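Here are my notes for anyone opening this one for the first time. Have a look at the structure, then follow the points in order.

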Amino acid sequence: MQGPRWLERGMKHVWLPYSQMQTTVPPLPAISTRGRTITLADGSELTDGIASWWTACHGYNHPHIRAAVSAQLECMPHVMFGGLVNEPALTLASRLAAMLPGDLERVFFTDSGSVAVEVAMKMAIQYWLNRGRTGRTRLLAFRGGYHGDTMATMAVCDPEEGMHSLYQGALPEHFIADLPVDADSVRALDELLAQSGDSIAAIIVEPLVQGAGGMLFHSPDVLRNLRMLADRHGVLLILDEIFTGFGRTGTMFACEQAGIVPDIITLSKALTAGTMALAATVARAHVFDAFLSDDPLHALMHGPTFMANAMACACANASLDLFEREDCLGGVARIARQMRTELEPCRSLPHVVDVRVMGAIGVVELDRIHDMNALKTALVAQGVWVRPFRNIVYLTPAFNITTSELGKLTAAIRTVLAQPV
């Protein structure tokens, strides 16, 4: 694509994420968004099938969210959260506490999902230290899991299949186990916790869907098993709902489908509907209470410069307004029905090993993708923005996507996968 001057000039200096820039297809210059459409510099349009890394749950440029940003910009875009507070942040904290299950009631704001998970890890470890229990400095995570790209969160990602295997030896060592999906794996995890529970601060898991690990699904029974084992062995349970939170799996939060309450939950991505960077780590009352003390060292020593940014919190409040006013979860159910029907024919295509749908997540898994660049280019040629990774082609569209827009996305996947990949 012949791009604008800023593209040629800037590409000489930018470092792209997850890209071997010597061989990766050059990125496309986006100049505007609207609804579920991305417009490129040459005027062509792409129907977005992944909601900008799973964030834009209400589509782009929603007028209600845009108005909230504009109003907040006029009065106060940001003020430090040290010694000062702001109305959008406190309102958002109250709303999150009211909508989350159980007594998840103390909200710590950060800027990104990775940092939210780091804060959850720090909370879990310090929870035990503040109670006089030294030695509980490790976490228990799961194969296929992904929790972020920072040094701490890489250490609780899948060490072999994940994207961070290069860092083995440089990261703290935590316990990595199989998800407790059946009697044998439940028994194995029970034995691990019995043997090593005194060194484990918390269990951390992505509920129902391991996202970046390959959109791997598991049943609510897994979460019930983890809550049971955490209680039996006296460890905390952290649910990483950065991807699954805010309706993506069909309920507002994935943990609702299991009827459990984690001790700590992490939220980001769709929290602001993809408009601004914001994340939250929310703890139950007993976790927060362990930090209350006359000893200043018992405080949680963490404070991102832009935490509880007023504009970002205004975005999040506006997004929650839309969840209250509109049938967003009904939209998710409609998307799930359509994807099940329209992606199922892919099952008969060469190299396809599975087709699965949960909520507004549709996955076509292949045995391999021979040429990732060619596959991505072919999808763009169909007028869609779909970003395969590993061995999957997937859709995570906005909840208000139209039937025809979603049909365009599923048709593009069927067409492209019918060709050699």
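1. A word on terms before we start: helices (H or I, at least four residues) and strands (E, at least two) are DSSP runs, numbered from the N terminus. This is a predicted model, in which local features need pLDDT of at least 70 and side-chain atom pairs count only at pLDDT 80 or more, while totals for chains, interfaces and linings use all residues. Residues are numbered from 1 along each chain as its sequence is written, and side-chain values use heavy atoms, with hydrogens and water left out.

2. Let's begin with Lys-408, which sits in helix H13 (residues 403-417). With a relative accessible area of 36%, Lys-408 is partly exposed; here buried means under 20% relative accessible area, exposed means over 50%, and partly exposed is in between (1.4 Å probe, protein chains only). Setting aside residues up to four places away in sequence, Lys-408 touches Thr-47, Gln-382, Gly-383 and Val-384, where contact means heavy atoms within 4.5 Å. Lys-376 is 32 residues from Lys-408 along the chain, and their C-alpha atoms are separated by 16 Å.

3. Which residues does UniProt list for "binding site"? The unreviewed entry gives Trp-53, Tyr-146, Lys-269, Gly-303 and Arg-387. They are spread over 335 residues of sequence and also spread in space, up to 33.8 Å between C-alpha atoms. Keep in mind that UniProt positions are given in the numbering used here, feature names are shortened, and annotations may be inferred rather than shown by experiment.

4. Two of those listed residues are worth a visit. Trp-53 belongs to helix H2 (residues 51-54) and is partly exposed, at a relative accessible area of 45%. Leaving aside neighbours within four places in sequence, Trp-53 is in contact with Pro-17, Tyr-18, Lys-269 and Tyr-394. Arg-387 is in the loop between strand E15 (384-385) and strand E16 (392-395), and its 30% relative accessibility makes Arg-387 partly exposed too. Not counting residues up to four places away in sequence, Arg-387 touches Ile-50, Lys-376 and Tyr-394.

5. Is strand E10 (residues 236-240) enclosed or open? Five of its five residues are buried, so E10 is largely enclosed by the rest of the structure. In a regular strand the side chains alternate between the two faces of the sheet. In E10, Leu-236, Ile-238 and Asp-240 are on one side, Leu-237 and Leu-239 are on the other, and both faces are covered.

6. E10 also has partners. Strands count as paired if DSSP finds at least two bridges between them. Strand E7 (residues 200-205) runs parallel to E10 and is joined to it by four bridges, with Ala-202 partnering Leu-236. Strand E11 (residues 264-267) is parallel to E10 as well, over three bridges; there, Ile-238 has Ile-264 as its bridge partner.

7. Next, an open sheet of four strands, in the order E1-E2-E3-E15 with mixed pairing. E1 and E15 are the edge strands, each pairing on one side only. Strand E2 (residues 37-40) and strand E3 (residues 45-48) are antiparallel, with three bridges between them.

8. How accessible is Thr-110? This residue of strand E4 (residues 104-110) has a relative accessible area of 0%, so Thr-110 is buried. Its contacts, not counting residues up to four places away in sequence, are Val-115, Ala-116, Val-119, Leu-278, Ala-279, Ala-280, Pro-304 and Met-307.

9. Asn-61, in the loop between H2 and helix H3 (63-75), has a phi near 60°, a positive value in a residue other than glycine. Ala-273 likewise has a positive phi near 60°, and lies in the loop between E11 and strand E12 (279-284). Asn-61 is partly exposed at 32% relative accessibility, whereas Ala-273 is buried at 2%.
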